[in-house]
Amino acid sequence: MKKIELKNKKRLLILIISIIVLIVLFVIYVKIINKHRNARIFALETEKLAEEVDNPVFKIDKIIVYSDANVEDLSENQNLSNINVSQFTDFAVYINNFAKSKKLSEENTINKIYIDNIGIEGFDEIGIKKFSTKSVDDLGKYIPIGEDTNRIEYEVVHKNSDKEKVDNSKSFYTDCQEPLIISYVNQDIVQNFNASNSGEKLALDGSILRYLNIDLEKLNYKISFTINIENNLGEKFACKCKLNIDLSSGEGEGIYSGFIMQSFDLSNGDYRFKKIS
């Protein structure tokens with residue numbers, strides 16, 4: 001009887017050990033499968049990311065920058081005896097939506113677009129810095145900015161027939177046929193100055209800065225911002241931009257000669273819109 005019980009206990013022990021071994025082997029097997037599965041997922045995601053980097057849906061080809069100054073004559077007789085001077089710069093950002101595909105689709109057309117994280121650095125505390133946008137037709141013209149903002153929302157035009165229904169100063173075409181416009185104003189860098197006795201004919205443009213002995217180094221700056229896009233598939237993208245604006249660069253005397261236009265060719269740079277998960 002005792003021998004039978006001993007045999008039964010041994011069989012039970014062997015069975016328990018066998019079950020434990022099977023469980024351990026199963027757990028090891030699952031871990032190996034998961035490891036290979038995760039490695040495969042990682043490889044696919046890496047491949048997908050590399051594809052998106054090499055063939056972005058959207059990228060910035062160039063940014064055209066126009067800088068000038070505006071003279072506001074506050075005198076009663078309009079004789080320049082009381083002027084305020086502001087410096088302004090317009091940025092025309094050209095977005096290439098045919099980098100990946102040469103045909104228009106829901107993937108490479110815009111549903112929403114806005115700019116945020118706008119920042120200015122590397123300047124003296126002179127004037128009041130403000131940002132806004134304006135119509136393409138007003139590029140190069142001084143348009144005063146009311147309230148400052150760190151985020152610019154644009155109204156997307158999906159059809160030409162909708163053009164008149166949106167604010168022309170904040171519109172952007174879904175197919176990126178026109179540049180994205182950002183306007184920067186350094187307002188009232190000079191206030192209540194009497195220029196009536198200058199003894200010379202003054203041009204009411206950037207050349208006034210030379211007459212007023214404004215050091216351009218005090219007006220130079222670095223601007224940074226992020227362009228955010230949502231396409232018509234609901235996918236989201238973002239591109240961070242940073243530019244050095246040197247008002248003394250270019251031919252001649254820079255903005256002292258009246259105005260300055262700069263072109264930043266970014267087609268070969270890393271100005272690709274990255275997809276946001």
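Both Y66 and F88 are buried. In this predicted model, the rings of these two residues have their centres 6.3 Å apart and their planes at 45 degrees, so the pair is tilted. Y66 belongs to strand β1 and F88 to strand β2, so their pairing ties together parts that are 22 residues apart in sequence. Ring pairs also join Y66 and F88 with Y142 and F259 in a cluster.

Strand β1 covers residues 59-73 and strand β2 covers residues 83-96; the two run antiparallel and are joined by 14 bridges. Within this pairing, D73 stands opposite I83 in β2.

These strands are part of an open sheet of five strands, whose order is β4-β8-β2-β1-β11 and whose pairing is antiparallel. At its edges lie β4 (128-132) and β11 (260-265), each of which pairs on one side only. On average, and with direction ignored, neighbouring strands of the sheet are turned by 15 degrees against each other.

Eight aromatic pairs are counted. One of them is formed by F131 and Y184, whose ring centres are 5.4 Å apart and whose planes meet at 40 degrees, so this pair is tilted. F131 lies in strand β4 and Y184 in strand β8 (residues 180-193), so the link spans distant parts of the chain, 53 residues apart. F131 is buried, with a relative accessible area of 6%, and Y184 also counts as buried, at 1% relative accessibility.

Finally, charged side chains are placed over rings. K62 lies over the face of Y94, 4.8 Å from the ring centre. The charged end of R151 sits over the ring of Y114, at 3.8 Å from its centre.

Conventions. Residues numbered from 1 in each chain as written. Predicted model: local features only at pLDDT ≥ 70, side-chain atom pairs only at ≥ 80, totals over all residues. Heavy atoms only, no water. Pairing = 2+ DSSP bridges. Helix = DSSP H or I, 4+ residues; strand = E, 2+ residues; numbered from the N terminus. Axes fitted to C-alpha atoms, helices over the stretch in contact; angles between N-to-C directions. Phe/Tyr/Trp six-rings, centres within 6.5 Å; stacked < 30°, edge-to-face > 60°. Buried < 20%, exposed > 50% of the residue type's maximum accessible area, 1.4 Å probe, protein only. Lys NZ or Arg CZ within 6 Å of the ring centre and 35° of its normal.
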